[in-house]
Amino acid sequence: MKQTTISTKIKTIGLLFIILMSSIIGTTIYLNAKNEKDALIINIAGKQRMLTQRISKNVFYLYHNNKHSFSELDNATQEFIYNLKSLKDGNSLLGIEKAPTTSISNKISKVEILWSNFYSNILKIKELLENRNETNQKILKNLVDTIYETNNNLLNEVDVIVSLYTTYAEKKTDSIKYFQYIFALMIILLVIYSFYQLKSMEENAKKFLELSKKLKEENITEPIDLINFEAEKEIVEATDTLNCFIHKINAAMDYSNNASKRLEDLTNEFDQILDELKDSQDLSNQLYKSEDMVIESQENLLNFTHKLQELKKELNTLAINCKNK
């Protein structure tokens, strides 16, 4: 099984944090921008209500006061037309899009029909007010009454548009907040996962240090067990290096023990042969002849023993140096 490196784990966790935090920041910025646009659209839709009332109020005022200044009435009607078109088809200057749902689009179309009749009556009233006389007085009155009656219908339909936009904006905001909650939950889970991974890395590092410390403080008299446990790639590589060192120490100790044993067996064998030669009267002459050979062999064995002792001394020195580090 391929081990994952510590750096890879940390980089992965960091990357996930960056992605999730960026997502939350991005959705928050989008939500704020959307709320501003929705507030603008709802404000425009709500302003249509005020404009219908202003238009009706101006008609009644002009009718009862014989005034011929239509500037306020014209401004109100043109603004109503501009806003209605912006709500239906969108407006790049204001940064708003066309009607987002079919229900809103259908309701705007219905308002357009009502407004078409309403505006047509306003134009007729303006024309009659400019040429006001006894003949057209009755017609003018009927038109003013029609404005009064249709104004309420137009006002109610505009109210419905405002309600539809408000509902749509709230639903969209809720859906965006839902994604924010998901991202927040994912961050919480990532924090828990990060804590678990960091805890696991800390435990693996502690385990490696404890095994290294145990090896350092141990009196090496027997072969050392190799270290083997699941961990991150860096710790596994360090463990493999330490195991290689342990393996060399074990091999040296085995070689030293085997050599010492063979030396001991060989010495015992020579002692036995010498004893047999001393007890044998027939071979006494040969004993003297082979004495020099035996002495020479013993000297070689003593030199070999000395070298083995030096090897063991070096191993003990190596172990002591490891403890002092």
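Contact here means heavy atoms within 4.5 Å. Helices (H or I, at least four residues) are DSSP runs, numbered from the N terminus. We're looking at a predicted model, where local features need pLDDT of at least 70, side-chain atom pairs count only at pLDDT 80 or more, and totals for chains, interfaces and linings use all residues. Residues are numbered from 1 along each chain as its sequence is written, and side-chain values use heavy atoms, with hydrogens and water left out.

Let's start with the pairing of helix 2 and helix 3. Their axes (lines fitted to C-alpha atoms over the stretch in contact, with angles from 0 to 180 degrees between N-to-C directions) sit 12 Å apart at an angle of about 160°. That makes the two roughly antiparallel, a label for angles over 145 degrees.

Here's who meets whom:

| Helix | Residues | Among the contact residues |
|---|---|---|
| Helix 2 | 71-89 | Leu-73, Thr-77, Phe-80, Leu-84, Leu-87 |
| Helix 3 | 102-130 | Ile-108, Val-111, Trp-115, Tyr-119, Ile-122 |

Now for helix 2 itself. Its 19 residues reach 27 Å from first C-alpha to last, close to the 27 Å expected at 1.5 Å a residue (1.5 Å times one less than the number of residues). Its buried residues (under 20% relative accessible area, 1.4 Å probe, protein chains only) include Ala-76, Asn-83 and Ser-86.

Elsewhere, Val-191 lies in helix 4 (residues 134-217). Val-191 is partly exposed at 42% relative accessible area, a class between 20% and 50%. The C-alpha atoms of Val-191 and Ile-13 are 8.9 Å apart, although 178 residues separate the two along the chain.

Methods: Parallel < 35°, antiparallel > 145°, perpendicular 65-115°, else oblique.
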